[in-house]
Amino acid sequence: MPRFNFTIKQLQYIEAAGRLGSIARAADEFNISQSSITSAIGGLESEVGFDLFIRTRSKGLQTTPGGDHILKLIRQLVDHVKQFEVEINDFGSVATGTVRIAIYGTTAPSFLPVILKSITENFPQIFVKIMEGMLQDVIECINRGDADLAFTYEMSTDAQHEFIPLLHAPTYALFSVNDPLASLDYVTLHQLSTHPMVMLDIPAARYHFMSIYENLNLKPRIAHTTQSSEIGRALVSAGFGHTLLNMKPAGYESDDPRFRAVPIKTPSEAPLFGIATVKGARQPEVVRTFIEHCVRIGNEGAYKPLIIEYESLE
């Protein structure tokens, strides 16, 4: 059985090269020479007996199938080392340090201010680093170890993730204040199916909204599509149709001069929004404190202003 004589630092060099897809960028990250990165890679390749990477001029480093497996093992070790360092530094003190969060981009403007305001007031020693993207992007962030947790919908997670629900987010229709349907207490999908729709054309969002109609054998009347929720709201405000959302736009009030948010009466399953982490990963104290606080303020009703609940229809 071979004995591997590698330092943690050398494994971190290899992990960075795989994550960044470049020896030069990995060297820049650690402010060392490229030869140090190359030497670490070559040494491990000699030990395992196969290439970890395919090197091409146009695409840089690409992992081989065997290299991909080795890199996953290295990332697990590197993550444990980071957690060890944080907990050693924080031992015997209040939660302090950085929490890296990834968040689904369309929910960030509405959801993040609630979280960040409460964290700042209660834990001023915690610094939050934010990454945002599509549903699959934020899940990849935690899978790669780039983020400690992700704020996302449960539908984007799988068996390798732990999911902590924070709120149900029923779908509702957003209208221009000048739209005749905006004055109603609620609308049905039958009404909406004949009304122009501005579709948020993001894969998971489109699938969710389309499935709501398909469950009733209906089709939406799509007038415009956009991948930007901000552009979608601008088109709605200009009278081009309605759009469907699960969280109220940032800054939205019931007397907003531009929009009216109207509940949808037709029953549909409200998606769960919450916190996703990699299953089995032991989180640093600062991350556990952050997650516990998010759950606590949710139980106290902090997220209720973000949604339109079905209870109002009963």
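Two strands pair if DSSP finds at least two bridges between them. Helices (H or I, at least four residues) and strands (E, at least two) are DSSP runs, numbered from the N terminus. The model is predicted; local features need pLDDT of at least 70, side-chain atom pairs count only at pLDDT 80 or more, and totals for chains, interfaces and linings use all residues. Residues are numbered from 1 along each chain as its sequence is written, and side-chain values use heavy atoms, with hydrogens and water left out.

An open sheet of 3 strands runs in the order S10-S7-S11, with antiparallel pairing. S10 and strand S11 (259-263) stand at the edges. Each has a single partner strand, so one side of each lacks a neighbour in the sheet. Neighbouring strands of this sheet are turned by 35° against each other on average, direction ignored. Strand S7 (residues 172-176) and S11 are joined by 5 bridges and run antiparallel. Leu-174 has Ala-261 in S11 as its bridge partner. Helix H9 lies across S7, S10 and S11, at about 50° to S7. Here contact means heavy atoms within 4.5 Å. Axes are lines fitted to C-alpha atoms, for helices over the stretch in contact, and angles run from 0 to 180 degrees between N-to-C directions.

On a 1 Å grid over the protein atoms alone, a cavity is a set of points where a 1.4 Å probe fits but cannot get out. A pocket is an open set with protein on both sides within 12 Å along at least five of seven lines. Lining residues have an atom within 4 Å of a point. Grid points are joined across faces, edges and corners, and a volume is the space filled by probe spheres set on the points.

The search of the whole structure finds 2 cavities of 30 Å³ or more. The largest cavity has a volume of about 220 Å³. It is lined by 22 residues, and the closest to its centre are Tyr-104, Thr-106, Thr-107, Tyr-153 and Asn-246. Helix H5 (108-122), H8, helix H9 (229-237) and strand S10 (243-245) each give two or more residues to this lining. H8 gives the most, with 4 residues. By class, the lining has 14 nonpolar, 6 polar and 2 charged residues. Ala, Val, Leu, Ile, Met, Phe, Trp, Tyr, Cys and Pro count as nonpolar, Asp, Glu, Lys and Arg as charged, and the others, Gly among them, as polar.

The second largest cavity holds about 30 Å³ of space. Its lining residues include Val-198, Met-199, Thr-226 and Gly-232. Strand S8 (196-200), H9 and S10 each give two or more residues. The largest share, 3 residues, comes from S8. The lining has 4 nonpolar, 4 polar and no charged residues.

The largest pocket contains about 850 Å³ of space. Of its 31 lining residues, the closest to the centre are Asp-79, Ile-142, Asn-143, Arg-144 and Gly-145. Helix H4 (65-90) is among the elements that give two or more residues. H4 gives the most, with 10 residues. The classes are 9 nonpolar, 11 polar and 11 charged.

Asn-31 lies between helix H2 (23-30) and helix H3 (34-48). Its phi is near 55°, a positive value in a residue other than glycine. At 72% relative accessibility, Asn-31 counts as exposed (buried is under 20% relative accessible area, exposed over 50%, partly exposed in between; 1.4 Å probe, protein chains only). Asn-217 lies in the loop between helix H8 (203-214) and strand S9 (221-226). Phi of Asn-217 is also positive, near 55°. Asn-217 is exposed, at 73% relative accessibility.
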